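Subject: Model for you to look at

Hi there,

Here is the structure I promised to pass on. Please open it first, and my notes follow below.

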Amino acid sequence: MTCYDRHDLGLLLLRLGTGGVLAAHGAQKLFGWFGGAGIEGTGQFMESVGYRPGKLSATASGLAEWGGGILLALGLATPAAGAAAAGGMAGAAAVHAPNGFFNQEGGYEYAATLGLAATGIAIAGPGRLSLDHALGHVLDRGWMVPTALGVVAAGTAVVVGTRNKRVRQEAETGGQEALFED
């Protein structure tokens, strides 16, 4: 008989809470559930904040949140799930960063909290009350943690960097595209 300790129970609660919130947030983008805009509306929003193409950006963001959230809640492929969710939240934080930290002012507090929680779960592992543990950790090897986090960090840096450059250029030109590149 296996006796689960508070570490396992704590990770289960953290995975269920963080994963559930992320999955619901992604379902708003992908399916329009819970009052969300779905792919079309989210794609238009993504375009308006500099992520282009908008529909592709909405799909990628929605899948990172919905898929990453479900996998985190289940404790399956935990390094990849946590990294994907963290990358999605880094993209959201970039949009909200000009508003400061606190969510009540439109800041990045919410996105940062979810991203850090997802990263922490990816690093700590899912605990014994997880599908990863039940499957012998075939999708949760030690080398997978830095690999998943590194790949997602590099991809996120490119996407967010491109978006930030586009937003700066549009602010400088008043929304007009430059006729000639420098």
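Which residues lie nearest the centre of the largest pocket? They are M46, S61, G88, G91 and A92, out of 40 lining residues. Before going on: this is a predicted model, where local features need pLDDT of at least 70, side-chain atom pairs count only at pLDDT 80 or more, and totals for chains, interfaces and linings use all residues. Residues are numbered from 1 along each chain as its sequence is written, and side-chain values use heavy atoms, with hydrogens and water left out.

The pocket (an open set of points on a 1 Å grid over the protein atoms alone, where a 1.4 Å probe fits, with protein on both sides within 12 Å along at least five of seven lines; lining residues have an atom within 4 Å of a point) has a volume of about 780 Å³. Two or more lining residues come from each of α1, α2, α3, α4 (78–96), α5 (109–124) and α7 (144–173). Helices here are DSSP runs of H or I, at least four residues, numbered from the N terminus.

Helix α2 (residues 38–48) buries G38, I39, T42, G43 and M46 (buried is under 20% relative accessible area, exposed over 50%, with a 1.4 Å probe and protein chains only). Those buried residues fall within an arc of 140° seen down the axis, so they line one face of α2. On the other side, Q44 and S48 are exposed. The buried residues of α2 pack against α1 (6–31) and α3 (54–74), contact being heavy atoms within 4.5 Å. After α2 comes G50, with a positive phi near 100°.

Enjoy exploring!

Notes:
Arc of directions from axis to C-beta. Points joined across faces, edges and corners; volume = space filled by probe spheres on them.
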